[in-house]
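Me: I've got a structure open on my screen and I'd like to learn how to read it. Could you take me through it feature by feature?

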Amino acid sequence: TMSENGRSSYQNCLDRRIYPVLGDMKMPEITPAQISALLLDIQAQGKAHATVIKTYTILHTLFKMAYLGDMIDRNPMEMPQEAEARIWERPKPRKDEVKASEPAAYTAEEVKRLLATLKDEPLKWQALIRLLIDTGIRRGECCALKWQNVNFKTGEIRIAGNLCYTAAKG
């Protein structure tokens, strides 16, 4: 049920972060302390909070599926009644990691400069950049557009898909 991009992202996280630390162990042998150490190490490396949360989510899902499928007799990511909650909680952002209050966007002056530079480019690039600027659609949404999504009579464009790059499929 997961998109190709989602699968690729999860596999990348498994290959780069989880397998190097926990990959040689059997699931029943993995302890909450080892999971906690892995997540804290990722935070200590200065990785974005989203990276820590993705790793946590993947591990949580894998252990939950293994537990529900009777492959393991305990889920190291579920808190027993007598345990301290802090080990099994979803990781919190570092204090020094401040989220931007507004998404980054071009200023009016930057857009003017971009459009002035664009005048010397082929028409297809002018159309693409102007469409992105004027509509605010994402790159993948723009790349997935088909002529059937464009209504020249009403001046409307219907966003009906999204293209994503993955290492496996390009």
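Me: Let's start with Q148: where is the place of Q148 in the chain?

Reply: Q148 sits in the loop between α6 (139–143) and β1. Helices here are DSSP runs of H or I with at least four residues, strands are E runs of at least two, and both are numbered from the N terminus. Before going on, bear in mind that this is a predicted model, where local features need pLDDT of at least 70, side-chain atom pairs count only at pLDDT 80 or more, and totals for chains, interfaces and linings use all residues. Residues are numbered from 1 along each chain as its sequence is written, and side-chain values use heavy atoms, with hydrogens and water left out.

Me: Is Q148 buried or exposed?

Reply: Exposed, at 63% relative accessibility. The cut-offs are under 20% relative accessible area for buried, over 50% for exposed and partly exposed in between, using a 1.4 Å probe and protein chains only.

Me: What pattern does the protein chain follow along the sequence?

Reply: Reading along, you get α-α-α-α-α-α-β-β, which is six helices and two strands. Buried residues account for 21% of the 170 residues. Contact means heavy atoms within 4.5 Å. Among contacts between residues at least 6 apart in sequence, 45% join residues at least 24 apart.

Me: Now the greasy part. Which residues touch the most other members of the largest nonpolar core?

Reply: The general idea is that nonpolar side chains tend to be buried together in soluble globular proteins. A nonpolar core is a set of buried Ala, Val, Leu, Ile, Met, Phe, Trp, Tyr and Cys residues joined through side-chain atoms within 4.5 Å. The largest one here has 17 residues, and I18, L22, I35, L38, L59, F63 and M77 touch the most other members. At least two residues each come from α1 (4–22), α2 (32–44) and α3 (49–68), with α3 giving the most, six.

Me: What is F63 in contact with, leaving aside its neighbours within four places in sequence?

Reply: M27, I30, I35, I72, N75, P76 and M77. Of those, P76 is in the loop between α3 and α4 (108–118), yet P76 is buried, with a relative accessible area of 3%.

Me: How about backbone angles: which phi does D70 have?

Reply: Most residues other than glycine have a negative phi. D70 has a positive phi of about 60° although it is not a glycine. D70 lies in the loop between α3 and α4 and is exposed, with a relative accessible area of 71%.

Me: How many disulfides does the structure hold?

Reply: A disulfide is a covalent bond between the sulfur atoms of two cysteines. The test used is a pair of cysteine sulfur atoms within 2.5 Å, and the structure holds zero. For C142, the nearest cysteine sulfur, that of C143, is 5.8 Å away, and C142 is buried at 10%. For C164, the nearest is again that of C143, at 10.0 Å, and C164 is partly exposed at 36%.

Me: Last one: which residues line the largest pocket?

Reply: Rolling a probe the size of a water molecule over the atoms shows where empty space is left. On a 1 Å grid over the protein atoms alone, a pocket is an open set of points where a 1.4 Å probe fits, with protein on both sides within 12 Å along at least five of seven lines; lining residues have an atom within 4 Å of a point. The lining here consists of L128, L131, C142, L145, K146, W147, V150, N151, F152, G155, E156 and I157. Two or more of these come from each of α5 (123–135), β1 (150–151) and β2 (156–157).
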